[in-house]
Amino acid sequence: MLIITFSFTTEHFHLQPDTNDGHFTPRYHNLTTQQRMANPTSSLLVFLPGEGEIRQLQRDLAPRLPTDVVVSPLFGNLDLETQRQAIQPAPRGQRKIVLATNIAESSLTIEGVSVVIDSGLERRARFDPNTAMSRLQTGRISQASAAQRAGRAGRLAAGICYRLWSEDQ
């Protein structure tokens, strides 16, 4: 893990949103395929709202990707060793796709990542006064979170961030 106090230019692209059906695979697969062709040495960081979406996308992407691409999950419930593997640079001759929650939003740099794909969603704990319990709700991220996520692409070199929401959202 590197700690960097400066950043490079990051280009931002807003893509028209899909229908909100909870299925991330087609859109992410298309983007990861395009980025593999356009940036053959770059690794990708994909922000998803939660563990379930990460595990589903990991299952869906794994058989579709070439053997030189490693898919690594990164979320809070993972054991420490798996989290460390996710933030380590990709092995020589390979690329990495890190599927992460907002745990990767700030304070860490994943070497080799110059492309971020951001769903614009996160899970937040919300207190329900009717049940006197907290529950996780999926919602839009703040502008500050969007800026932090995009910044992950420009930590070590110029980068690209694809935001999966329209510019006026």
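Two strands count as paired if DSSP finds at least two bridges between them, and the strands themselves are DSSP runs (E, at least two residues), numbered from the N terminus, as are helices (H or I, at least four). Keep that in mind for the tour.

This is a predicted model, where local features need pLDDT of at least 70, side-chain atom pairs count only at pLDDT 80 or more, and totals for chains, interfaces and linings use all residues. Residues are numbered from 1 along each chain as its sequence is written, and side-chain values use heavy atoms, with hydrogens and water left out.

**Stop 1: the sheet.** Select the strands of the open sheet, six of them in the order β1-β8-β5-β2-β4-β3, with parallel pairing. At the edges are β1 (10-14) and β3 (69-74), each of which pairs on one side only. Ignoring direction, neighbouring strands are turned by 15° against each other on average, with axes as lines fitted to C-alpha atoms, for helices over the stretch in contact, and angles running from 0 to 180 degrees between N-to-C directions.

Now zoom in on β5 (residues 113-118) and β8 (residues 159-163), a parallel pair with four bridges. Pick Val 116 and look across to β8 for its bridge partner, Cys 161. Next, show helix α4 (residues 143-151), which packs on the sheet and touches β1, β2 (43-47), β5 and β8; contact here means heavy atoms within 4.5 Å. The direction of α4 makes about 140° with that of β8.

**Stop 2: the hairpin.** Select β6 (residues 121-128) and β7 (residues 133-140), which pair in the antiparallel sense over eight bridges. Four residues separate the two strands of this hairpin, and in the turn Ala 132 has a positive phi of about 60°. Along the strands, find Arg 126 opposite Arg 135 in β7, then Phe 127 opposite Ser 134.

**Stop 3: a salt bridge.** Move to helix α2 (residues 51-61), where Arg 55 and Glu 51 lie four residues apart, about one turn of the helix. Their side chains meet in a salt bridge at 3.2 Å, N to O. The structure holds five such bridges, each a side-chain nitrogen of Lys or Arg within 4 Å of a carboxyl oxygen of Asp or Glu.
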